[in-house]
Amino acid sequence: MKRTEIATVLKEEKIGEKILIKGWVKAFRSNRFIQVNDGSTINNIQAVLDFENTDEATISKINTAAAVSISGELIASEGKGQRVELIIEQIEILGEANPEEVSKTVMQPKKHSLEFLREQAHLRFRTNTFGAVFRIRHGVSFAIHKYFNDKGYFYIHTPIITGSDAEGAGEMFRVTNLDAKNPPLKDDGSVDWSEDFFGKETNLTVSGQLEAELAAMALGKVYTFGPTFRAENSNTARHLSEFWMIEPEVAFNDLNDNMDLAEDFLSYICKYILENFADDVAFLNEREIQEQKSKPQNERNELTLIERLNFVIANDFERITYTRAIEILHNSKPYKKKKFKYPVEWGIDLQSEHERFLVEKEFKKPVIITDYPASFKAFYMRQNEDGKTVAAMDILFPGIGEIIGGSQREERLEVLKEKCAAFNIAEEDVWWYLDTRKFGTAPHAGFGLGFERMVMFVTGMTNIRDVIPFPRTPKKAEF
């Protein structure tokens, strides 16, 4: 008999049919009722054992986390908590699990802290919470590819090893095969990178954007979806050293087109997850409601997880300039009562507390802020006519703050050269990027979506380390 996934069994409910399932024991009570899960759904199936006619050696091995193969007849359940159950005709223990060992792990059937679960990231997939999170993570990934594919975008693989720093921040992981203790040196004592594998300094990429722009200027509209790396010593709930980015780039788009694309894209993802991962979202929604009860009233979310997803789908995003955002913050109660931790001044980047105030208190919907000061934005962003601001945009979400950053790119060769000089970027290092402005330059725009931040939003998880299977952070590279 061929195995049927539990998700299919529960969906089709073919009463009276003989089926075969395989999975892991989640619970076993009264020597009779086995809760089995195979990862295909958050929901377990109950298998009923005729323990009086089952040998004790087999029963003794039906422990939490054991892998089992069960065949039998599917019937309508008379008990509470399930619509159908499986009457066991044959059971095989595929892999045992020692109860004493299980009791030391996250698989023990009791509530564990997220910190403890992170320490056992290799096993946390087995828990309900992380089973739901990682099924949804897959769903977000698929939705992204489907969205762009259905709209005629081309998926571009950009380099992971690169000689350029797209963000200009310098916080990059070096890639080298030189002897770290005894590297070749020049006469002046500096490292002779010409002896390295690529003949120059290279690093892990912080963004595929610059290369995606090159493709967009020939293929029209493209997107990247790949790993990116930041050697930033940030131990926060919103930062990882290794994370995934989605970066569409579109020829002939201006800033308004860019905002329209980003808004439609984010709404699509939220709608896709609600429609296709309803059971997982419902579980995480209820989990968050229970978690919120232990928090002070002023720290609780005003909206549930499901309400926040619908909030994005149902609302047109508010669009304001950076200058207007500063005015609103200056006139706000938290600013006047000195509740903000960070200063609010024109020319200083907004902090998460400012962004969340604008989204959650002022407008009560997603917000797009445009036209930031050029002083703290990247060299490739298009200079506005005022000479002080650039055609940049950030999208802010409830509970998250910034989730997307993008801009119209600087298509004018001379202006781009001036920007390179201002940012101390040598033209010979980005000659290929400048070249695209010589041969049929045109307006174009794009943005970057931090994949893990999007997964945080649609799962309600509050720490970015809980939405990636094996988080990489300072001093942490386990597994």
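How far apart do the C-alpha centres of domain 1 and domain 2 lie? In this predicted model, the answer is 45 Å.

**View 1. Domain 1 and domain 2 of the chain.** Domain 1 covers residues 6–99, while domain 2 is built from two segments, 129–169 and 206–466. The C-alpha centres of the two domains are 45 Å apart. Where the domains meet, five residues of domain 1 and five residues of domain 2 make the contact.

**View 2. The second largest pocket and the residues at its centre.** By class, the lining is made of 14 nonpolar, 12 polar and eight charged residues.

**View 3. Where the lining of the second largest pocket comes from.** Both domains take part, as domain 1 and domain 2 each provide at least three residues of this lining. Among the secondary-structure elements, strand S1 (18–29), helix H4 (114–119), helix H5 (128–150) and helix H8 (278–292) each contribute at least two residues. Which of the elements gives the most to the lining? That is H5, with six residues.

**View 4. Helix H8 against helix H9.** H8, which also supplies residues to the pocket lining of the previous view, comes together here with H9 (residues 305–314). The axes of these two helices approach within 8 Å and cross at roughly 120°. H8 and H9 are therefore oblique to each other. On the H8 side, the contact is made by Val-281, Ala-282, Leu-284, Asn-285 and Glu-288; on the H9 side, by Leu-305, Ile-306, Arg-308 and Leu-309. Sorted by class, the contact between H8 and H9 holds six nonpolar residues, one polar residue and two charged residues.

How values were computed: Residues are numbered from 1 along each chain as its sequence is written. This is a predicted model: local features need pLDDT of at least 70, side-chain atom pairs count only at pLDDT 80 or more; totals for chains, interfaces and linings use all residues. Side-chain values use heavy atoms; hydrogens and water are left out. On a 1 Å grid over the protein atoms alone, a cavity is a set of points where a 1.4 Å probe fits but cannot get out, and a pocket is an open set with protein on both sides within 12 Å along at least five of seven lines; lining residues have an atom within 4 Å of a point. Helices (H or I, at least four residues) and strands (E, at least two) are DSSP runs, numbered from the N terminus. Ala, Val, Leu, Ile, Met, Phe, Trp, Tyr, Cys and Pro count as nonpolar, Asp, Glu, Lys and Arg as charged, and the others, Gly among them, as polar. Domain bounds come from an automatic or database domain assignment. Axes are lines fitted to C-alpha atoms, for helices over the stretch in contact, and angles run from 0 to 180 degrees between N-to-C directions. Angles under 35 degrees count as roughly parallel, over 145 as roughly antiparallel, 65 to 115 as roughly perpendicular and the rest as oblique. Contact means heavy atoms within 4.5 Å.
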